[in-house]
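Me: I have a new structure to read. Where do I start?

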Amino acid sequence: MNNVTRRQVFKSAGLLTAGFFLSTSTTRALAQAAAPAPTGPHKLPALPYDFGALEPHFDAKTMEIHHGKHHAAYVTNLNKALADYPDLQKMSVEELCLNLDKVPEKIRTTVRNQGGGHYNHTFFWQCLRPEGGAGPDGAFEQALGELFVDQETGLKMFVERALAVFGSGWIWVSLDKDKRLILETTANQDNPLMSGRQPVFGLDLWEHAYYLKYQNRRVDYVIAFNRLLNWEFARTRWEKLMA
Ligand SMILES: [Fe+2]
């Protein structure tokens, strides 16, 4: 990271530290986002909020294209790849990601990319909430503290790792096999499941997720995520995985 970018990150981190781990609590009515249903076992899930519900941090047009075009294409292409494999059609997308070694080599890369894209986006939509909601507390906050030390350090670590991803990929806070929280990144549409870990929350770092609003300013997009992270979803998922 060059000096200008680093200064920008830390300046922004200082301004927004409170938002990263302690967002204001706001609720909104959930809305169903209509979407065409691809043929096959895998379906495009409805967004749990309106396209414009994450404004001004994530703009409505990006959300509409991201969900209705990009995510939909992953679902469609996954169904196409599985068309001649009835046994694989019975597996959930999570099971496919966990068991790529059982997928025939002929379609393995396609299932990895398209199935990963479907799982990742389905997961990602749940990681977002208008205004984020209340920050973590209790045992989950303590576990996060073991990874991130404190709020300010945590945001800096998250932003720096996100900026360090070259090209397209994802950043995750995951649970490793010892049930410890780790910060990791994956390339393309890979995810922690493919390496035997479980995501707790994650952020899409593909340009299609932010370019309309933020252009080349990935740092601003990552910090905007800070305002939208659904801590209730992350805590609930962490508790379920730890049980
Ligand atoms: Fe995406």
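**Reading the chain, step by step**

Reply: At 1.5 Å a residue, helix H5 (residues 105–126), with its 22 residues, should span 32 Å, and its end C-alpha atoms lie 31 Å apart, which agrees. Keep in mind that this is a predicted model.

Me: Where does H5 bend, and by about how many degrees?

Reply: The bend in H5 is at Val111, about 35 degrees.

Me: Which residues of H7 are buried?

Reply: To call a residue buried, count neighbours: 20 or more other C-beta atoms within 10 Å of its own. In H7, Gly154, Leu155, Lys156, Phe158, Val159 and Ala162 are buried. Over the chain of 243 residues, 40% count as buried.

Me: How many helices and strands are there, and in what order do they run?

Reply: The chain has 10 helices and 3 strands. From the N terminus the order is α-α-α-α-α-α-α-β-β-β-α-α-α.

Me: How do strands S1 and S2 run, and how many bridges join them?

Reply: In a regular strand, side chains alternate between the two faces of the sheet. Here, S1 (residues 169–175) and S2 (residues 181–187) run antiparallel, joined by 7 bridges. Leu175 stands opposite Leu181 in S2.

Me: What lies between S1 and S2?

Reply: The two strands form a hairpin, with 5 residues between them. In the turn, Lys179 has a positive phi of about 60 degrees.

Technical notes
Residues are numbered from 1 along each chain as its sequence is written. This is a predicted model: local features need pLDDT of at least 70, side-chain atom pairs count only at pLDDT 80 or more; totals for chains, interfaces and linings use all residues. Helices (H or I, at least four residues) and strands (E, at least two) are DSSP runs, numbered from the N terminus. A residue is buried if 20 or more other C-beta atoms lie within 10 Å of its own, exposed if 12 or fewer, and partly exposed in between; C-beta atoms are placed from the backbone. The expected span of a helix is 1.5 Å times one less than its number of residues. The bend at a residue is the angle between axes fitted to the seven residues ending there and the seven starting there. Two strands pair if DSSP finds at least two bridges between them.
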